[in-house]
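The structure is shown first, and the description follows.

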Amino acid sequence: MGVTNVVNMCSHLQNAARARLGLTSVRHTKFNLALALALHRAGFLSFVTRGGPNPPDPAAVATFEPEPLTTANVADQRLWLGLKYNPGTGGGGEPVMRSLTPITTPKRRATADLRSLERLARGLDAHPHRGLNLGECMMVSTDRGTLEIREAIERKVGGMLLCRVAP
């Protein structure tokens with residue numbers, strides 16, 4: 001499992017948001033892709049696209065066609081992510097994704113059943129995890145893909161708690 005990749009992606013996205021980058025890239029793995037798409041669905045990323053070592057043009061990202069995946073270029077592939085910012089006064093806005101904290105680490109995997117997920121989503125503690133505050137999201141890796149905690153509750157599945165995202 002790519003838990004190490006997910007932890008590295010969390011710290012990379014948090015650092016990129018603090019540096020006010022509009023575009024950043026992470027390694028193209030299936031776990032990074034699943035987490036990036038879940039963050040995109042939750043509204044924390046503006047776009048997710050696959051590309052090579054050179055970034056796509058942000059203005060033409062909607063029509064960007066990545067080169068096909070082959071065994072020769074698979075090691076060079078990156079996921080290019082567009083970060084979102086709230087409009088602010090005085091030029092720079094605040095990042096939409098202020099903190100991205102990994103819950104599961106390579107040494108300690110954190111799982112939760114449906115009952116624990118419901119408690120966390122309501123803001124109650126489910127030992128050893130703290131309940132969600134207003135605006136926070138938690139990403140859960142389930143057998144139905146990587147979902148936000150409320151989607152996992154709707155589908156009545158538990159899973160591994162990946163990270164906590166706070167605006």
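## Helix packing

A crossing is called left-handed if the near helix is turned anticlockwise from the far one by less than a right angle, and right-handed if clockwise; helices are DSSP runs of H or I with at least four residues, strands are runs of E with at least two, and both are numbered from the N terminus. This is a predicted model, in which local features need pLDDT of at least 70 and side-chain atom pairs count only at pLDDT 80 or more, while totals for chains, interfaces and linings use all residues. Residues are numbered from 1 along each chain as its sequence is written, and side-chain values use heavy atoms, with hydrogens and water left out.

In this model, α1 passes α2 in a right-handed crossing. The contact (heavy atoms within 4.5 Å) is made by Asn 5, Val 6, Met 9, Cys 10 and Leu 13 of α1 together with Phe 31, Asn 32, Leu 35, Ala 36 and Leu 39 of α2.

## Nonpolar cores

A nonpolar core is a set of buried Ala, Val, Leu, Ile, Met, Phe, Trp, Tyr and Cys residues joined through side-chain atoms within 4.5 Å, where buried means under 20% relative accessible area (1.4 Å probe, protein chains only). The largest such core has 25 residues, of which Leu 13, Leu 35, Leu 39, Leu 81, Met 97, Met 139 and Val 165 touch the most other members. Its largest share, 6 residues, comes from α1.

Leu 39 touches Leu 13, Phe 44, Leu 45, Leu 100, Met 139 and Val 165, leaving aside residues up to four places away in sequence. A second, separate core of 15 residues includes Ile 103, Leu 147, Val 157 and Leu 161.

Notes: Buried < 20%, exposed > 50% of the residue type's maximum accessible area, 1.4 Å probe, protein only.
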